[in-house]
Amino acid sequence: MSRVGKAPVVLPSGVSVEISGQSITVTGPKGSRQRDLPAEISARQQEQFVYIERADDTAQNKALHGLTRSLVNNMVIGVSEGFEKDLRIHGVGYRARLVSPSKIEMALGFSHVVNVSAPEGIEFEVPQPTQILVKGIDKQLVGQVAADIRRWRKPEPYKGKGIRYSDERVRRKAGKAAKK
């Protein structure tokens, strides 16, 4: 049995789960998320726990078992605490500015300003001109928006300029050796 799949999902206070057939809806203080479960996977709630179970031990169902449990757990964490990605901007003149909670402007060394709009359910914060926080209740969407922002100017290995995650380490390369 899957070690991840057999662990129950713990529901914190203020979070409710509604299971109807192959659909699961999680509601909490930050919002609501809904997901359809695969046909061979079922969910049941018992007090403040949600158990994910599979029909048989085929390889496909074993893989879906742990995956589904992780997705449901991420839904619970998202509606109770939310998710956040911290991006840092490195480079002379590179900066970000918050236009609205769903829109930022970035100066990244191009001849124009880069405008990024957030999809529904995502908010931006710019505590400093070199820091961008991407927040939301959907873990996959928060990660995708952060990756899309990073894609505008990936960190380069010679000077380290670009947009990177706060915990990302860029391996630096030595430049050309000077001739004598």
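I began with E47, which I found in the loop between β5 (41-46) and β6 (49-54), where strands (E, at least two residues) and helices (H or I, at least four) are DSSP runs numbered from the N terminus. I was working on a predicted model, in which local features need pLDDT of at least 70 and side-chain atom pairs count only at pLDDT 80 or more, while totals for chains, interfaces and linings use all residues. Residues are numbered from 1 along each chain as its sequence is written, and side-chain values use heavy atoms, with hydrogens and water left out.

I noted that E47 has a positive phi of about 60° although it is not a glycine. Is E47 buried or exposed? At 68% relative accessibility E47 counts as exposed, the cut-offs being under 20% relative accessible area for buried, over 50% for exposed and partly exposed in between, with a 1.4 Å probe and protein chains only.

Next I looked up G109, which sits in the loop between β9 and β10 and is exposed, with a relative accessible area of 58%. Leaving aside neighbours within four places in sequence, I found G109 in contact (heavy atoms within 4.5 Å) with Y94 and R153.

I then turned to the largest pocket, whose volume is about 160 Å³. A pocket here is an open set of points on a 1 Å grid over the protein atoms alone, where a 1.4 Å probe fits, with protein on both sides within 12 Å along at least five of seven lines, and lining residues have an atom within 4 Å of a point; the volume is the space filled by probe spheres set on the points. Among the lining residues I listed K30, E81, F83, E123 and K135. I saw that β7 (83-90), β11 (122-128) and β12 (131-136) each supply at least two residues of this lining.

Last came helix α3 (residues 139-151), whose 13 residues at 1.5 Å a residue should span 18 Å, which agrees with end C-alpha atoms 18 Å apart; the expected span is 1.5 Å times one less than the number of residues. Which residues of α3 are buried? I found V142, G143, V145, A146, I149 and R150. Seen down the axis of α3, these buried residues fall within an arc of 165°, so they line one face of the helix, the arc being that of the directions from the helix axis to the C-beta atoms. The face turned away from the buried side carries the exposed Q140 and R151. I noted that what covers the buried residues of α3 includes β7, β9 (103-107), β10 (114-117), β11, β12 and β13 (162-165).
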